[in-house]
Amino acid sequence: MVSMPVVRTEATFSSRHRRAHRALAASVVALVVLVAGCGGDDDDAAPSTTTATAGDDTVTTAPAADAASTTTAAADAADFPRTVEHALGTAEVAAEPSRVVALDMSLVDAALTLELPLVGYTTYDDPNGSLPDYFGDAIDAHAADATWVGDLLSPNLEAIVELEPDLILTAAVRHETIYDELAAIAPTIATESAGGGWKDNIRLTAEATGREDLAAEKIGAYEERAAGIGAAINDAHDDPTISVVRFLDHIRLYQPVSFSGVVLADAGLARPESQQSTDEFIRQISEEEIGLADADVLFYTVRDDADVEQQVAELQARPLWSSLGAVQNDSAYPVPDETWMSATGMFGAHEILDDLADIFTVEG
């Protein structure tokens, strides 16, 4: 494998690029609405074709029962209409949303964290996929009838129209090129990030839906739990350094501003020298540089791919892997790729805290 420089996994888009697509928006939406009106119940409708780049880390476990909200989720009708500034402009939400479509799993997380009625969602590379199990009881409570509306890369605009949403949640990094089409269907709120900024995504969603108090309560409970688990780990294990590694067709070291990095920072856990960047989400390394992944404790995930799994098995049979201090001390732990890497939100953050408490054998 070839050594790669530090890179960012979440792109941003220029306003010039955005304007280049807006001239087509009105006519495209008109066509979508016309097709939706004629399409009936055709489950084979083709998805729209957008080319937004999808990262591997998108977009979590249900918050612990003792951290569950006791606040009524319903917003005060007097709070509407409300105008919300977001990553791609301004949107007006006329009334408390009752039919929410979320086009990134991090925003599905935000909707379910805030107990919003979810009616539509996308998945990544999982045709007609269901919502992940880590959402737990929140699926039955708030998304029992939620419908798949296409792949993350190409949401099906016709399917979204048919759901008659009154709020669409998306991320600029995912769908800037079709933002105008989405906004013509329903008020659309775009977050800047789909990963490390997951708490800000919850706050922005709360601002749009009148659930600011609930967001503050849920985030506060999570941060209190993270701090407690981290303090217990540091006390019991002498302030260990924590490395987070992901194996794909290359090797990634996750930095403090990544999703898992934010959770570890909230827990007050130290990171090794190779994982100190405050500007980049990941650092790519070669197999020959695997020593950079070492720390007192190493958590690693493997993408669900037969070729990647074979490559990791071969690496782990080599001296490069067995020479790592964490491996020699039996402190290298595989953890779920889905929750540590893709479940970017409150539910995933609680899953990571669960794993930390279990592995370090502290109260969680």
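How are helices H9 and H15 oriented to each other? In this predicted model, the axes of H9 (residues 212-237) and H15 (residues 346-359) come within 10 Å. They cross at roughly 20 degrees. Angles under 35 degrees count as roughly parallel, and H9 and H15 are therefore roughly parallel to each other. The crossing of H9 past H15 is left-handed. On the H9 side, the contact involves Lys218, Ile219, Tyr222, Arg225, Ala226, Ile229 and Ile233. H15 contributes Met346, Ala349, His350, Leu353, Asp354, Leu356 and Ala357. By class, this contact of H9 with H15 comprises 10 nonpolar residues, 1 polar residue and 3 charged residues.

H9 also packs against helix H10 (residues 259-266). Here the axes lie 7 Å apart, at an angle of about 70 degrees. Angles of 65 to 115 degrees count as roughly perpendicular; H9 and H10 are therefore roughly perpendicular to each other. Tyr222, Ala226 and Ala227 of H9 meet Val262, Val263 and Asp266 of H10. This contact of H9 with H10 has 5 nonpolar residues, no polar residues and 1 charged residue. Tyr222 and Ala226 of H9 take part in the contact with H15 and also in that with H10.

Confidence was examined along the chain. The protein has an average pLDDT of 85, and 79% of the residues score at least 70. Over residues 1-73, the pLDDT is below 50. Beyond near neighbours in sequence, this stretch has 160 contacts in the model. Where pLDDT is low, the predicted coordinates should not be read in detail.

Note on methods
Residues numbered from 1 in each chain as written. Predicted model: local features only at pLDDT ≥ 70, side-chain atom pairs only at ≥ 80, totals over all residues. Heavy atoms only, no water. Axes fitted to C-alpha atoms, helices over the stretch in contact; angles between N-to-C directions. Helix = DSSP H or I, 4+ residues; strand = E, 2+ residues; numbered from the N terminus. Parallel < 35°, antiparallel > 145°, perpendicular 65-115°, else oblique. Left-handed = near helix turned anticlockwise from the far one by under 90°. Contact = heavy atoms within 4.5 Å. Nonpolar A, V, L, I, M, F, W, Y, C, P; charged D, E, K, R; others polar. pLDDT = per-residue confidence, 0-100.
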